[in-house]
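Try each task before reading its solution.

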Amino acid sequence: MDIACVHIPRFAVEVERQRRNDLASRLILIGEATVFDCSLGAEASGVQRGMRLSEAIGLCHRAVVLPPDLPHYQRRFDDVLDFLGAHSPALEAGGLGTAYLSLDGLSVEPEPFAEGLIASLHQRYGFMAAMGIAGGKFTASVAAQTTRPGLAKAVPSSGEAAFLAPLPVDHLPANEPMRWRLGLLGLHTLGDVARLPLGPFQAQFGPEGKHCWELAQGIDSEPLVPRVKEETIVRRLPLPAAAVSLETILVAVERLIYSAYGGPDQRGRWVRKAVVRAALDGGGSWELAVPFREALADPRDAWFAVKNAIARRPPERPVEELEVELVGLSGESGKQASMLEGKGKLWRQVEEAARQLRAQQGRAPIGRVVEVEPWSRIPERRAAFIEFDP
């Protein structure tokens, strides 16, 4: 058993409860056109994720309806992932509220380790997680989803098929048409699928059917893909009053960018992306990611790109706090080298050909491309064609 799945049920709802004390005992629906997440009480009323929000309100008319704040949820989950990553040699982020940890090489007993991690996570962040431990990601995930929060379930490799057998086929990663066809064939549990011969089942459902049949058998060879955490620099600025005008917001963002670039941990390094975030008046957040065409080491170039991006998509409500994050720091620019760069012999041949043409015709009808404004969003302004002068 070398994979553990950490599952925090209704993660978005729990984040909202922590952010607003008045939601502690209320039914909650999060969504816009459809339900993104809902509280346990709303689920008991028949609400399901992905359901039309109008239908969910009809089933649970006393619920508080909140718009999804995905950037805030992701930042909170990133904090959880950072915490979990310190306890495992490899960590993979699943969906929001789900993560997979490798236990390979850890000199610990799986269940005591899981119970201690659950307690530490709750003490530090206030989230109550469930954990499943198995030889594969699928079985570990199912064990975590079917275990009460606060507990851990370990499934030995010899008992994975028996553990999965009574569970519904809804746990399989199958699309809706396949789920519908499974129901028509009377296949309601994973055991029903596992008892069928692989050949006829694969002939009926194709490669997806083969994969689902293997999972129902407890056969899961999908590797754990470790999370790669990029080095970042973050600067925040609380505003004395909610900023309404775009000019005020731009001045604050410019200050943050120059502050982030001027720090000792960034100086002399290149940045591949900037992310601007804002806490909005009345709740909610706004986020804008600005990837650069080329890694930038000059704050003036970064500010030019970020300013144009904000002007095209400014915050929709007054801003109470701003944050700028520089992502993808490196000691190299990552700029693509030209075809002749580093090829001394070829470059000398080009220079000699240009000198001969200049001697014959008075000028060399050869040009070269030089960068002018590489950060510009207008292609014609990024580079210029000038005469080649050997």
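**Exercise 1: Cysteines**

Cysteine 60 is buried, its relative accessibility being 5%. Keep in mind that this is a predicted model.

Task: Find out how far the sulfur of cysteine 60 is from the closest cysteine sulfur, and decide what that says about a bond.

Solution. Cysteine 5 is accordingly in no disulfide, with the nearest cysteine sulfur, in cysteine 212, 18 Å away. Cysteine 5 has a relative accessible area of 1%, so it counts as buried.

**Exercise 2: Two packed helices**

Task: Describe how helix H4 (residues 70–85) and helix H5 (residues 110–125) pack.

Solution. Begin with the geometry: the axes of H4 and H5 are 11 Å apart, at an angle of about 140 degrees. H4 is therefore oblique to H5. The crossing of the two is right-handed. Then list the contact residues: H4 brings Arg76, Asp79, Val80, Phe83 and Leu84, while H5 brings Leu117, Ser120, Leu121, Arg124 and Tyr125. Sorted by type, the contact of H4 with H5 has 6 nonpolar, 1 polar and 3 charged residues.

**Exercise 3: A loop arginine**

Task: Is arginine 10 buried or exposed?

Solution. First locate arginine 10, in the loop between strand E1 (3–7) and helix H1 (11–19). Its relative accessibility is 19%, and the cut-off for buried is under 20%, so arginine 10 counts as buried. Finally, check the backbone: phi of arginine 10 is near 50 degrees, a positive value in a residue other than glycine.

Technical notes
Residues numbered from 1 in each chain as written. Predicted model: local features only at pLDDT ≥ 70, side-chain atom pairs only at ≥ 80, totals over all residues. Heavy atoms only, no water. Helix = DSSP H or I, 4+ residues; strand = E, 2+ residues; numbered from the N terminus. Buried < 20%, exposed > 50% of the residue type's maximum accessible area, 1.4 Å probe, protein only. Axes fitted to C-alpha atoms, helices over the stretch in contact; angles between N-to-C directions. Parallel < 35°, antiparallel > 145°, perpendicular 65-115°, else oblique. Left-handed = near helix turned anticlockwise from the far one by under 90°. Contact = heavy atoms within 4.5 Å. Nonpolar A, V, L, I, M, F, W, Y, C, P; charged D, E, K, R; others polar. Disulfide = S-S within 2.5 Å.
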